[in-house]
Amino acid sequence: MNPAMPTDDQPGAQRSAHTHWWQRIHGAIRMLCFVLVGVIAVGVAANADPGQSEPEPVAMGQIVAAGKSVFALAADHQAVYEWSEHQDNWRKIKGPTENLYAGGGKFYATDLGTGDIAQYDDAPYQWTRIGSAGATFAATSKHLYGLTPDRNKIMEYTGTPHVWKQVGDRAENLYTGPNKKLYVTNPDDKNIHRYDDGEWDFVGHAGAAFAVTDKNLFGLTPDRGTVVQYDSGKDKWNPIWGAAETIFASNNLYATQHGTGDLHQYTGRGPNQWKRIGGPGAAFAASEYRLYRLATDKRSVHRYDGDGTNDKWKALGAPAAGPAPTAEQKAALFASMNRLGDESRDVWTASYNGHLRGVPDPYGYRWSTNYCNFSPDIPFEEYDFRVPCARHDFLSRNYRDMYGEKAFTTNSDGQAQIDKILRDDLLQTCKNRYIGSEQLCIGTSHLYYKGVTGASAINGFNPWDLVKGLGMRPIG
């Protein structure tokens, strides 16, 4: 016997009408939200300064690398900038500078005018002056060497500021790598010699350039027609490639190809075992296995993100031109981003979107983020919480950088407020983007807030009850 179809006065028809009514209301709510988002966007655009433009990138003349950082000297020698993996943006760290040097994970710079050399103390404008002017400098994993201005003496830094000792006589150029050895070319016959633990040894004849890795010494013949490798066991040089414009090294050896300028990496497995990993650049810098390239227009830096067999680079942008903002200006902008509410959220979002586009940050904020830590960034493969988590990382890390750990944990606008901002951002994400499943999204957002702050369920609401009731679990 077939079941009777419901008529209009039966419960089935009432449920159908109710569903149809809810769908219409639901659609209207979604449309209203879209309209409100449009109004907010128009309002932000209307309030924007029509004459405001993105700052011009600085033209760079030199780059060097140390540890997880790359440093750039402005082409006009008026400023030094740092990009580091832990901050993921450029910041100004020094004023007028003549040259940059790096080695053994340390970074040095010589003053414009005096030529005095200083060691970077890993904070903007924090330097220790360690010596007077020299013709050039070179650092190994354990030592820093310099040539006197007349190139008649090779000096070694003792580790005590302004205390150096002589270890050699006349020299033309200094070459160092990740190991502790120093290589020097003689200004008369151009021959190359090795210095190690107080002993000098002849290594080879003249070359157009030399490069030192953690294990080997390489050279470029005077006509730049052949790249050669030194065999210390047999005391001979073996050809490993043809013509090259230049060679340089850290833990790997690199060469720019003659004619094209394309960058190649040596695999270390014998003659002609090279892989093309990039196009030409105005300059290159290497530190351990990290490699950087200054673009040919000198207005952007790229980091090699390949595996040694492909051409894959990440754009790091460039420092911003113009005078650096004052500490007061930086603090004022940060304060405007560290508040509850839509206005503060919009200020931060505008800066964050600019960072994602590669716009140089003149304030030197730290933009690095691991998003939602060990929790899924997109739980249930549906709700995208990456932006709220990124803002939480930004506010927490920069507050600590600017005011210290004690202020972060005790001040009213520190950790307590930043955690509240996270909760507000998570809830707004649910309300603005996931109307059809808003309750599950809100429940999940409470879990994330609780995970970050250790807070109890808000208003007695236990989000796990909702998650379990729907028969779902977080992924990951």
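The structure is a predicted model, in which local features need pLDDT of at least 70 and side-chain atom pairs count only at pLDDT 80 or more, while totals for chains, interfaces and linings use all residues. Residues are numbered from 1 along each chain as its sequence is written, and side-chain values use heavy atoms, with hydrogens and water left out. The protein chain holds eight helices and 28 strands; helices (H or I, at least four residues) and strands (E, at least two) are DSSP runs, numbered from the N terminus.

**Overall composition**

- Of the 476 residues in the protein chain, 43% are buried; buried means under 20% relative accessible area, exposed over 50%, and partly exposed in between (1.4 Å probe, protein chains only).
- Among contacts in the protein chain with a separation of 6 or more, 43% are between residues 24 or more positions apart; a contact means heavy atoms within 4.5 Å.

- Four strands form an open sheet in the order 21-22-23-24, with antiparallel pairing; two strands pair if DSSP finds at least two bridges between them.
- Strand 21 and strand 24 (274–278) are the edge strands, each pairing on one side only.
- From one strand to the next, the twist averages 30°; axes are lines fitted to C-alpha atoms, for helices over the stretch in contact, and angles run from 0 to 180 degrees between N-to-C directions.
- Strand 22 (residues 253–257) is largely enclosed by the rest of the structure, because four of its five residues are buried.
- Five bridges hold the antiparallel pairing of strand 21 (residues 244–249) with strand 22, and Ala-249 has Leu-253 in strand 22 as its bridge partner.
- The hairpin from strand 21 to strand 22 runs through three residues.
- Strand 22 and strand 23 (residues 263–266) run antiparallel and are joined by three bridges, with Ala-255 opposite His-264 in strand 23.
- Five residues lie between strand 22 and strand 23 in their hairpin, and Gly-259 in the turn has a positive phi of about 95°.

- Another open sheet of four strands has the order 13-14-15-16 and antiparallel pairing.
- Its edge strands are strand 13 (173–176) and strand 16 (199–204), each of which pairs on one side only.
- On average, neighbouring strands of this sheet are turned by 30° against each other, direction ignored.
- Strand 15 (residues 192–196) pairs with strand 16 over five bridges in the antiparallel sense, and His-193 stands opposite Phe-202 in strand 16.

**Helix contacts**

- Helix 2 (residues 327–337) and helix 3 have axes that come within 7 Å and cross at roughly 120°.
- That angle makes helix 2 oblique to helix 3; angles under 35 degrees count as roughly parallel, over 145 as roughly antiparallel, 65 to 115 as roughly perpendicular and the rest as oblique.
- Leu-333, Ser-336 and Met-337 of helix 2 meet Ser-344, Val-347, Trp-348 and Ser-351 of helix 3.
- By class, this contact of helix 2 with helix 3 has four nonpolar, three polar and no charged residues; Ala, Val, Leu, Ile, Met, Phe, Trp, Tyr, Cys and Pro count as nonpolar, Asp, Glu, Lys and Arg as charged, and the others, Gly among them, as polar.
- The axes of helix 3 (residues 342–356) and helix 4 (residues 386–403) come within 11 Å and cross at roughly 90°, and the two helices are therefore roughly perpendicular to each other.
- Helix 3 contributes Ser-344, Arg-345, Trp-348 and Tyr-352 to this contact, and helix 4 contributes Val-387, Ala-390, Arg-391 and Phe-394.
- The contact of helix 3 with helix 4 comprises five nonpolar, one polar and two charged residues.

**Nonpolar cores**

- In soluble globular proteins, nonpolar side chains tend to be buried together.
- The largest nonpolar core has 18 residues, of which Ile-63, Val-70, Trp-90, Tyr-292, Val-301 and Leu-316 touch the most other members; such a core is a set of buried Ala, Val, Leu, Ile, Met, Phe, Trp, Tyr and Cys residues joined through side-chain atoms within 4.5 Å.
- At least two residues of this core come from each of strand 1 (60–66), strand 2 (69–74), strand 3 (80–84), strand 25 (283–287) and strand 26 (290–294).
- A second, separate core of 14 residues includes Trp-348, Ala-407, Phe-408 and Ile-421.
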